[in-house]
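Notebook open. I want the fold first, then the sheet, then the pocket.

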Amino acid sequence: MNVEQIAQNWMDSCCQTIQQYDHKAHMNLISEQVQVFGIPGFDVIGYADWFSQCEYEFSEKLIQKASYEGIKIRQSNNSQIMFLTNESVLATDGTTDTHPIEIVLTKETDGEWRVTQERLLSQQEALHLGIS
């Protein structure tokens, strides 16, 4: 399987677990070492924050669907893939939040690919990187 397929499979699994409100399966896609940067008002978001946020959103069924559009591999090796994509989240109230992001997937010791870093990009940076 090539790096684009691995990244696409991860994104597909992420979307499926969100639509099914499957918290356990969704969190299996997230590394316990994850760090999320670029969220306004937060320096960094870690695993515990992600876990709690998803647990709340899934139990209240606040997200109708998530999707990713486009993929641009920036770097990869045997254990990590860094790529750019556009993420859209459709809330059950009808609002949509779309933003370009940089994702780093890492193949962990159990052989699973999990997100270890996510960074929201500004529109300027996304344009510069060719993903907007």
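In what sense do E3 and E4 pair, and over how many bridges? I looked: E3 and E4 pair in the antiparallel sense, over 11 bridges. Two strands count as paired if DSSP finds at least two bridges between them. Helices (H or I, at least four residues) and strands (E, at least two) are DSSP runs, numbered from the N terminus.

**Ground rules.** This is a predicted model, so I note that local features need pLDDT of at least 70, that side-chain atom pairs count only at pLDDT 80 or more, and that totals for chains, interfaces and linings use all residues. Residues are numbered from 1 along each chain as its sequence is written, and side-chain values use heavy atoms, with hydrogens and water left out.

**Overall.** I counted four helices and five strands in the chain. Along the sequence I read α-α-β-α-β-β-β-β-α. I then checked the radius of gyration, taken over C-alpha atoms, against the globule rule of 2.2 Å times the number of residues to the power 0.38. For 132 residues a compact globule would come out near 14 Å, and the chain has 14 Å, so the two agree. The C-alpha trace spans about 40 × 35 × 30 Å along its principal axes.

**Sheet.** I traced the strand order next. The five strands make an open sheet, E1-E5-E4-E3-E2, with mixed pairing. At the edges sit E1 (30–37) and E2 (63–76), each pairing on one side only. From one strand to the next the twist averages 25 degrees. Axes here are lines fitted to C-alpha atoms, for helices over the stretch in contact, and angles run from 0 to 180 degrees between N-to-C directions.

**Pairings, one by one.** I started at E2. It pairs with E3 (residues 80–91) in the antiparallel sense over 10 bridges. The two form a hairpin with three residues between them. Gln 75 has Met 82 in E3 as its bridge partner. Tyr 68 stands opposite Glu 87 in E3.

I moved on to E3 and E4. They form a hairpin with four residues between them, and Gly 94 in the turn has a positive phi of about 95 degrees. Ile 81 faces Leu 105 in E4. Leu 90 stands opposite Thr 96 in E4.

E4 and E5 came next. They pair in the antiparallel sense over seven bridges. Five residues lie between them in the hairpin, and Gly 111 in that turn has a positive phi of about 90 degrees. Thr 106 has Arg 114 in E5 as its bridge partner. Val 104 stands opposite Gln 117 in E5.

Last, I checked E1. It runs parallel to E5, and four bridges join the two. Gln 35 has Gln 117 in E5 as its bridge partner.

**Helix on sheet.** Which helix lies across E1, E2 and E5? I found H3 (residues 47–59), running at about 90 degrees to E1. Contact means heavy atoms within 4.5 Å.

I asked for the largest pocket. Its volume is about 730 Å³. A pocket is an open set of points on a 1 Å grid over the protein atoms alone, where a 1.4 Å probe fits, with protein on both sides within 12 Å along at least five of seven lines; lining residues have an atom within 4 Å of a point. Grid points are joined across faces, edges and corners, and the volume is the space filled by probe spheres set on the points.

I listed 28 lining residues, with Ile 39, Gln 53, Glu 57, Glu 87 and Val 89 nearest the centre. Glu 87 is also the residue opposite Tyr 68. H1, H3, E2, E3, E4 and E5 each supply at least two lining residues. H3 gives the largest share, six residues. I sorted the lining into 18 nonpolar, five polar and five charged. Nonpolar covers Ala, Val, Leu, Ile, Met, Phe, Trp, Tyr, Cys and Pro; charged covers Asp, Glu, Lys and Arg; the others, Gly among them, are polar.
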